[in-house]
Amino acid sequence: MATLTYMPTEHVPVLAPELIEHLDPQPGETAVDCTFGGGGHARLIGERLGAGGTLVCIDRDPAAEQRFSELADELECETWFMRADFADALAELVAEGVRANVVYMDLGISSLQLEAAERGFSYTYDAPLDMRMDPGEELSAAEVVNEWPQDRLAGIIREHGDERHARAIAREIVRRRPLETTVDLVGAIRAAVPPAYRFGRGHPAKRTFQAIRIAVNEELDSLDRALPAAWELLRDGGRLAAISFHSLEDRRVKRFLADRARGCICPPELPVCQCGREPEAEPLSRRALAATPEEIERNPRSHSARLRAARKVHGGADGSDDRNGT
């Protein structure tokens with residue numbers, strides 16, 4: 001397999017001050033970065049953990065592991081890397097008895113993956129239809145585009161991309177098969193949508209590319225499995241944060257944290273609580289945090305970012321800071 005490369009663009013972590021403020025990492029604590037990516041958030045967290053702390057970084061992209069090795073040499077804290085889907089890695093950490101003070105995830109695709117033209121994530125480059133975050137996985141965008149039935153293709157474009165022209169786009173893709181490159185896919189999308197949509201605000205292929213990428217990498221399924229595993233990994237008093245970039249992710253995070261923050265679930269007509277349920281979470285902000293106008297001007301990718309965070313106040317396991325939890 002060819003060695004993956006990445007462009008030497010400086011990675012700009014999104015909502016970094018807000019993330020640090022709400023997670024409040026302390027010297028000697030254990031933190032888990034579920035989506036290492038370019039390592040921008042990991043660097044800021046690791047610097048605060050100090051020599052007595054531990055930073056666990058997870059990513060399924062082998063290019064991220066290359067970047068991690070560079071960062072690890074610069075930090076005083078203990079660092080270790082897990083190349084895996086973050087849901088699987090979190091479950092493994094739980095099984096090993098690890099307990100963390102801080103767990104955070106920066107969801108979706110990283111800017112470095114978008115900028116690696118050969119990966120096929122971006123509609124602005126001519127590249128093979130790939131979009132795999134882990135190049136070792138079998139399913140690629142080429143298979144989705146060229147082999148999935150039209151109805152299934154329309155369904156994922158509509159559901160994962162919130163694309164109102166999903167049926168027309170799927171029909172045009174099927175008509176043009178086989179498609180080999182991102183340029184071929186963009187051409188099919190442009191031909192399928194009305195002229196006003198082709199030349200309106202935003203690129204007409206954005207939603208379809210997002211939908212196919214989510215399907216290829218099973219991103220929503222991973223998130224649904226990762227959230228409860230991350231919560232179980234936290235000690236009492238630990239903090240969980242997630243940065244989302246579209247409503248499909250944000251709704252899942254919002255529902256998960258809201259459910260953990262609920263207390264009694266007895267019917268309202270009961271005069272006394274009989275369920276005995278107590279809140280497990282304390283929200284760390286009243287609503288999702290968005291990027292400031294200044295950050296959006298510096299980093300346009302941050303315009304859709306939303307940060308939600310909560311502290312675990314009940315129902316956690318207690319263990320030590322080491323990876324064996326002893």
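This is a predicted model: local features need pLDDT of at least 70, side-chain atom pairs count only at pLDDT 80 or more; totals for chains, interfaces and linings use all residues.
**Exercise 1. Work out whether the radius of gyration of the chain agrees with that of a compact globule.**

Step 1: Count the residues: there are 326.

Step 2: For that number, a compact globule would have a radius of gyration near 20 Å.

Step 3: Compare. The chain has 21 Å, which agrees with the globule value.

Step 4: The C-alpha trace spans about 60 × 60 × 40 Å along its principal axes, and buried residues make up 52% of the chain. Of the contacts with a separation of 6 or more, 71% join residues 24 or more positions apart.

**Exercise 2. Decide whether helix H1 is largely enclosed or largely open, and say what covers its buried residues.**

Step 1: Place the helix. The chain has 14 helices and eight strands, and H1 covers residues 16-23.

Step 2: Use the cut-off: a residue is buried if its relative accessible area is under 20%. In H1, that picks out Ala16, Glu18, Leu19, Ile20, His22 and Leu23.

Step 3: Draw the conclusion. Six of the eight residues are buried, so H1 is largely enclosed by the rest of the structure.

Step 4: Name the cover. It includes helices H2 (40-49) and H14 (293-298), along with strands S4 (100-106), S5 (234-244), S7 (289-290) and S8 (306-312).

Step 5: See what follows the helix. After H1 comes Asp24, with a positive phi near 45°.

**Exercise 3. Locate Gly38, then decide whether it is buried, partly exposed or exposed.**

Step 1: Find the place. Gly38 sits in the loop between strand S1 (30-33) and H2.

Step 2: Apply the cut-offs: under 20% is buried, over 50% is exposed, and in between is partly exposed. Gly38 has a relative accessible area of 21%, so it counts as partly exposed.

Step 3: Look across the sequence. Gly38 and Arg67 are 29 residues apart in sequence, yet their C-alpha atoms are 6.9 Å apart in space.

Technical notes. Residues are numbered from 1 along each chain as its sequence is written. Side-chain values use heavy atoms; hydrogens and water are left out. Helices (H or I, at least four residues) and strands (E, at least two) are DSSP runs, numbered from the N terminus. The radius of gyration is taken over C-alpha atoms; the globule rule is 2.2 Å times the number of residues to the power 0.38. Buried means under 20% relative accessible area, exposed over 50%, partly exposed in between (1.4 Å probe, protein chains only). Contact means heavy atoms within 4.5 Å.
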